[in-house]
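Please study the sequence and the three-dimensional structure shown here before reading on.

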Amino acid sequence: MNKTIIVSNRLPLQIKLDGSELQVTPSVGGLATGMKSVHRNSNGLWIGWSGLTDEELHPELSKKVERAVSKEQCATVNLNKEDIKHYYYGFSNRMLWPLFHYFIEYAEFSMTSWETYKRVNEKFAEVVIARANDGDKIWIHDYQLLLLPQLIKEKRPHLSIGFFLHIPFPSFEIFRTFPKRKEILEGMLGADLLGFHTYDYERHFLSSVKRILHCDVSFNKINYQNRTIKVDSFPMGIDYSKFEQAALKHNNQSEEEKSEVQKRLDDHLVPGKDVKMVLSIDRLDYTKGIPNRIRAFEYFLTKYPQYKEKIRLIMLAVPSRSKVPQYKRLKEETDELVGRVNGAFSTVSWTPIWYFFRTMPFENLIDLYTSCDIALITPVRDGMNLVAKEYVATRTNNDGVLVLSEMAGATKELNEAIHINPYDLEDMANSLKQAIDMPLEEQQRRMKSLKKRVSRYDVKKWASDFMSSLNDTHNTLSTMEADPLDNSLITSFTEAINSNETCVLFLDYDGTLVNFSERPEDAIPDPKLLELLHDINEKPNVDLVIISGRDQKSLNNWFKNTPFTLISDHGVSMRSKGENWKILERLNTDWMEDIKPVLESFADRTPGSFIEEKNFSLAWHYRNADIELAQKRLSEINTVLTSFISNTDLTLLDGNKVLEVKSSKVNKGRACNYMLQQHKYQHIFAFGDDWTDEFMFEDLPKHAHTVKVGLQKTKARYYLDSVEQVRTVLTAIAKS
Ligand code: GDG
């Protein structure tokens, strides 16, 4: 039975060493809950680090850990102290975390930590590969494992791999500053499906892939090394019912059942006192905007002094990554700011900020969520922010106001919150005032809508949506109508060639026989190719035809002294074996005078693009232009030219990074048919890579062996991955 393997830096288990005794308890975090059905139902396996280093585990203990975690359907990746220092604290938290959260000044690159990061990702890959069977699905989580998808794909190409990034993906302008940008993207592209919290992160990622790796991207699909990779957004939800149920239970508890924290909160909430409690909960992280929040609260108290003794900020900051210097500094800054505000504003009966620097048990978290009238969540960058959603889930009476930073991924979904810019203290202070003054009716109207969304798209739905998208993604290859040109088909090709029956080979040139180069004029045939074509052409029963969009002059130069048949300009003219060029289609070219200035105006405004003037067509090449600008221009050109060419016989051909304007009377299909009328061939072969070759694939008789280069949708019967593979097939034909 196929299984799903979940991979994350840490296992969803708390493992404690008590002397030589082990205590293993499942963790209750959001991810563990969301993945529960995926993990438990499908005989799943979770792979990750146990939290104990090799130094802490002697071999016998290590076996004990392995046995204990396997009872929980988990397997460990063993890491030592150095690994954790450089891979986790170093590369992950001192390089990737700040970079991806736009704190480039905090990002520290070191070769040692990069090398360790690679090595640890390899360790993860080894464990996954050893445990995965063909047909299994792998779901990898987060920024500690960005190289893992590729490391698995290289060794096990048939495993279906999904990757989800829990933090933001930064804009290209930030990402490009990173020394290992290419390696990281290549690592991620080992996945078949890449998931992000929001469309913005998805957009930033696609932009970097296009600009750094120069991959073809159409909508949310990337063509990379002849695989189609899907990129999509899946906003992570919470375990809504767990929080809602806990809040309902909390609201019904008796005086005796109340926690100490709740009793203290109640003291503050004496009826009639008209006091507001404002809550903030986060890990103590510089991305969470804690100092700015305190400053905004200070500013609020100065601007609205009437709230003295009537408002309190309850701030829970959970200790985090305390070994990283910026976190130590943040702790000092937070302590100082809280001290300053409390020192300046406190009275004998009131302290404006209650500050907890610790982790609280879940029950106390619910005390806080249910008792506070306002949640003030102001990260300067946050992948999603689950606290905002948890606050919503616990508001069982539909009251309460959520004030949320527009820099948190959650803002996109939580429209009815008051959105603030966390860098604008005035905005934050005014929003706090708006929240305090908000009538109950409005609170309830907003909260009801928020709850609807958060309850509907909960963490289970998130996980199941991702998994079903992964299932669909991996099926895309098998739903392609063309079949891969495998060895048995190649043998049948060579048998046909050997049979002495008449054969014709139609071969497109660019992207089929040679790879693309920066300038079209540089893509000249290499001596090996010429030799290969000669060898095939020497077979008495075989006619070899180069059929290209190139003009007569180029083909003539490159294949001057060859006996091959040449067809130029997508089928305008032809040079048969040993004959002179002749025109197949008489074409009017007067239109060029009008269209050329239009194309030129676009070329001028699109650096790197240029116009190629052919005998019968005009081509706008944009291979070397910024791809995003070029795509924008392409749709503009299409709009402008469509009106120009209406009522003419001109057509626009969208080729491989080239737009060509030409007569619709000419196409490669018509040119092939012209040849087929002159000669009766028993076997027909055609190889091509782009849109212009589709005419050929469509018009040739059904029994023709048509081969597409690349994985795009095609009318061809078979496909090959690359120019190199075309050459391998041609070599087999030549040698047969
Ligand atoms: C990363 C991304 C993204 C907090 N204090 C206590 C406690 N918590 C729980 C909260 C919440 C979780 O921790 C925090 O989740 P966030 O989403 O707010 O933030 P990160 O830890 O930075 O998480 C983030 C997330 O991954 C998921 O993809 O949303 O953007 O940065 O669930 O309730 N829980 C308990 N005691 C505490 O004191 N029990």
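The model is predicted. An open sheet is built from six strands in the order 14-13-12-15-16-17, and their pairing is parallel. At its edges are strand 14 (353–357) and strand 17 (418–420), each of which pairs on one side only. On average, neighbouring strands of this sheet are turned by 20° against each other, direction ignored. Within the sheet, strand 12 (residues 276–283) pairs with strand 13 (residues 311–318) in the parallel sense over eight bridges. There, M277 stands opposite R312 of strand 13.

Helices lie across these strands. Helix 12 (residues 325–345) lies across strand 13 and strand 14, and runs at about 155° to strand 14. Helix 15 (residues 425–437) lies across strand 12, strand 13, strand 15 (374–377), strand 16 (401–405) and strand 17, and its angle to strand 17 is about 170°.

The next element to consider is strand 28 (residues 683–688). Six of its six residues are buried, so this strand is largely enclosed by the rest of the structure. Both of its faces are covered: H683, F685 and F687 are buried on one side, and I684, A686 and G688 on the other.

Strand 28 also has strand partners. Strand 19 (residues 503–507) pairs with strand 28 in the parallel sense over five bridges, and C503 has H683 as its bridge partner. Strand 29 (residues 705–709) pairs with strand 28 in the parallel sense over four bridges; here A686 stands opposite T706. Together with helix 24 (residues 691–699), strand 28 and strand 29 form a right-handed β-α-β unit.

How values were computed. Residues are numbered from 1 along each chain as its sequence is written. This is a predicted model: local features need pLDDT of at least 70, side-chain atom pairs count only at pLDDT 80 or more; totals for chains, interfaces and linings use all residues. Side-chain values use heavy atoms; hydrogens and water are left out. Two strands pair if DSSP finds at least two bridges between them. Helices (H or I, at least four residues) and strands (E, at least two) are DSSP runs, numbered from the N terminus. Axes are lines fitted to C-alpha atoms, for helices over the stretch in contact, and angles run from 0 to 180 degrees between N-to-C directions. Contact means heavy atoms within 4.5 Å. Buried means under 20% relative accessible area, exposed over 50%, partly exposed in between (1.4 Å probe, protein chains only). A crossover is right-handed if, with the strands pointing away from the viewer, the path from the first strand over the helix to the second runs clockwise.
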